[in-house]
Amino acid sequence: MLAVVTLGPAAYLLVTSLTPLTPVNPDTAFDFSDPLGNYRQIIATDEFWDSVWVQIELSVVTVVTQVLVGLGLALLLDRPSRFLEALRTGFLVPMVLPPIVVAIIWKIIYTPDISPLHQLLAWLGLPIHSLITDARTAIWAIAAADTWEWFPFTMLMLLAALQMVPKEPQEAARIDGANATQLFWHVRLPYIRPTLVVAALFRLIDSIKAFPLIYVLTDGGPGGATEVTNYYAFQQTFNFSYWGYGSAVATLMVAGVFILSLVVNRMGGEAIDD
Amino acid sequence: MIRRRGIAEGFGVLILGVVLLPALWLLQMSFRHNDDIMSASWRFVPTLENYTSLWNGQFPGSFVHSLLASGFSTAFSLLLGVPAAYALARAQFRGARQIGLWILATRMAPPIAFTIPFFLAFTWAGLMDTVTGLALIYVTFNLALVIWSMRGFFAAVPRSLEEAAWIDGCGVWSAFLRIALPLAAPGLAATGILCFILSWNDFFFALILTRTRAMTAPVAIVNFMQYAGWEWGKIAAAGVLVMLPVLVFTFLVRAYLVSGLMAGGVKE
């Protein structure tokens, strides 16, 4: 039964991706005359490749910043302290907020009329243009919002990992004269590396699904500057009614995500075995 | 050492303050008069008019849709998933890793991949724009989570307790209901809450699979943005109402939340 719930839609998706289905013409649902037509068209479409490129850009930027910010703060806050432990709950807030609320919060921050950020910068004598209506900065604005939402995830995971690092090797290294930097690179980092990798891969896969932020902040624009593959598939399917074509894009995404999931599953196993 | 701990604590408070600032900004905006929102002044007379105007509009209805869809899907996922998890925890089952992978796959798969088939199937079955349809689609991803996490909780319940119950004449089913389930109750509560949060937070499925009759609160907010001429006070107030239940629940299951979000990624 479990398999039906998941595999049913997947099979249906695959079948649809082989047809030129569009709701305007119901007959197209069973038109298998050119099964690979959608895929051929995808490969020939610049907009698709642009979306893949935007996706890679956004994913790399957000994963790297989330891991670095998360690691930095985790190292800072990794002290034996009741108070800091209580504080951690507060850091859960951005990542559990409904994504649509996160999107509203950042829409407010990026809308010059009502934005505290714009007001502050104007007051400092550094007025800036709207970041989300400029094709050069829009993707960075989205990356910043996404980082705010998800750095707590990497941070909390790494904090948990840091606290599992046994004390003895750290003591031994300190007695041997290692300084804080050496201690980090040679003792603590090797211990937390599996967690670091798993956290990064989780964020990487989730970044492919980013939707509400883009929907509310930029709607894929300006001029496709923030149109990631997920958004491209959404637009093609639900705005332009190219169901078959959209399904084919979604199928490719599933294939990509599945490969990444295999990697995570393997690494997750290693994280425990080590 | 003591001094450095003090510094870390100070930094911790400072960073948390900066992190929470955007959310707090939304909160104060929701209490501002609509004419006050554009003004740069920090001082304002708080008003509840944004909330009252929400109360008098369509919003309470969509809030109820959200509650129903999330509640039903949570209940149904627990009903199906908990016995399955128990069976998996007790049977010597070799496919555990495959299950982990399957759960990971449902969590990882881009929602768009589910939406297209479900949209077509729902149109055909008349489930479009219904709370039932929405609850059903939430079950597909909640079920995986329930099975994965409850299996861990049941595995932590000592087997010998149930064996004692069997000897005393309990059947498998009643040993499950009287022994294992009460012992795993905290885990059950945490799992249920996590399911509820994940359904409640959904925007994508609700956006595509509902129109007016089953519109959920997150979709209603976005509609304010498009049709209501940018009533920021109202948008902020709606945002606050949507995030409130999540924050309360998060506080209740804070210890469990991060591992829950990692479901399937790490073997327990």
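Q: Why is N230(A) called buried in this predicted model?
A: Its relative accessibility comes out at 1%, and buried means under 20%, so N230(A) counts as buried. N230(A) sits in helix α12 (residues 229–239) of chain A.

Q: What makes up the surroundings of N230(A), leaving aside its neighbours within four places in sequence?
A: With contact taken as heavy atoms within 4.5 Å, the list runs to Q55(A), I208(A), K209(A), A210(A), F211(A), M253(A) and, from the other chain, I112(B).

Q: And I56(A), why does that one count as partly exposed?
A: I56(A) has 42% relative accessibility. Buried needs under 20% and exposed needs over 50%, so 42% lands in between and I56(A) is partly exposed. I56(A) belongs to helix α3 (residues 46–77) of chain A.

Q: How do you know how much area is buried between chain B and chain A?
A: You take the accessible area that the two parts lose on being put together, summed over both. Here that's about 6700 Å², and carbon and sulfur atoms give 82% of it. On the chain B side, helix α1 (residues 2–30) brings the largest share, 16 residues. The contact takes 77 residues from each of chain B and chain A.

Q: How many salt bridges and polar contacts turn up between the chains?
A: Zero salt bridges between chain B and chain A, but two residue pairs in polar contact across the interface.

How values were computed: Residues are numbered from 1 along each chain as its sequence is written. Chains are lettered from A and ligands numbered from 1 in the order in which they are written. This is a predicted model: local features need pLDDT of at least 70, side-chain atom pairs count only at pLDDT 80 or more; totals for chains, interfaces and linings use all residues. Side-chain values use heavy atoms; hydrogens and water are left out. Helices (H or I, at least four residues) and strands (E, at least two) are DSSP runs, numbered from the N terminus. Buried means under 20% relative accessible area, exposed over 50%, partly exposed in between (1.4 Å probe, protein chains only). Buried area is the accessible area (1.4 Å probe) that two parts lose on being put together, summed over both. A salt bridge is a side-chain nitrogen of Lys or Arg within 4 Å of a carboxyl oxygen of Asp or Glu. A polar contact is a pair of N or O atoms within 3.5 Å; within protein, one must be able to donate a hydrogen and the other to accept it, and residues adjacent in sequence count only if both atoms are side-chain atoms.
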